[in-house]
Amino acid sequence: MAMSWKELLIGTSWQRTIVRGLVMALVTGIIFTQIFIPVSLKGESMEPTYRDGSWLLVNRWTYRFKEPQLGDVVAIKLAGPSVLFFKRIVGLTGDEISWQKGQLWRNGRPVAEAYVTFSCNWQSEPVKVGKSQVYVVGDNRSSAKSQHSHGVIDDYRLVGGPLW
């Protein structure tokens, strides 16, 4: 028996179709506000890993069941729920981070960072990462150190990680 267009679009009961639509809208709203957050990247601080203007889904549950790890790319809440920074974790609680001639040093040893393709000449004294904190920095280090948002942040500011 062939289906009509009306049956295909609405089904046999318009009331059930409305209920299904409302349930789908509610589930979609919950998924995209409580679990995944769509984000448009602005700026070049994570290039070449993520390009300016890229769209990502942030998984808010990333750190619900695991601790942040070195090398994780994270979304960081600094100025309210709609402003997020994307950075890479390069230091964990207890680590000492410094910069010598553009090279990242952790606990007195240089760190090999395959994801960094833009070099820099940053210099800094060692900074100790405190309890419940991480040290974050962007992958693109071609600009002056003063033009970058980086350093120690409290881990409660970690919103999650990109889905891909």
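Two strands pair if DSSP finds at least two bridges between them. Helices (H or I, at least four residues) and strands (E, at least two) are themselves DSSP runs, numbered from the N terminus.

The structure is a predicted model, in which local features need pLDDT of at least 70, side-chain atom pairs count only at pLDDT 80 or more, and totals for chains, interfaces and linings use all residues. Residues are numbered from 1 along each chain as its sequence is written, and side-chain values use heavy atoms, with hydrogens and water left out.

**Strands**

Strand 2 (residues 55–59) is antiparallel to strand 1, and five bridges join them; Pro38 has Leu57 of strand 2 as its bridge partner. Strand 2 also pairs with strand 11 (residues 158–162) in the antiparallel sense, over two bridges, and here Asn59 stands opposite Gly161. Four of the five residues of strand 2 are buried, so this strand is largely enclosed by the rest of the structure. Buried means under 20% relative accessible area, exposed over 50%, and partly exposed in between (1.4 Å probe, protein chains only).

Elsewhere, four strands form an open sheet in the order 7-6-5-8, with antiparallel pairing. Strand 7 (109–110) and strand 8 (124–128) stand at its edges with a single partner strand each, so one side of each has no neighbour in the sheet. Within this sheet, strand 5 (residues 96–100) and strand 6 (residues 103–106) are joined by four bridges, and Ile97 stands opposite Arg106.

**Salt bridges**

A salt bridge is a side-chain nitrogen of Lys or Arg within 4 Å of a carboxyl oxygen of Asp or Glu. By this rule there are four salt bridges, including those in the table.

| Pair | Closest N to O |
|---|---|
| Arg51 and Glu47 | 3.8 Å |
| Arg88 and Asp139 | 2.7 Å |

Arg88 is buried at 8% relative accessible area, and Asp139 is buried at 0%. In another pair, Arg51 is partly exposed at 46%, whereas Glu47 is buried at 13%.

**The largest pocket**

A pocket is an open set of points on a 1 Å grid over the protein atoms alone, where a 1.4 Å probe fits, with protein on both sides within 12 Å along at least five of seven lines; lining residues have an atom within 4 Å of a point. The largest pocket is lined by 28 residues, and Leu41, Lys42, Leu84, Phe85 and Phe86 lie nearest its centre.
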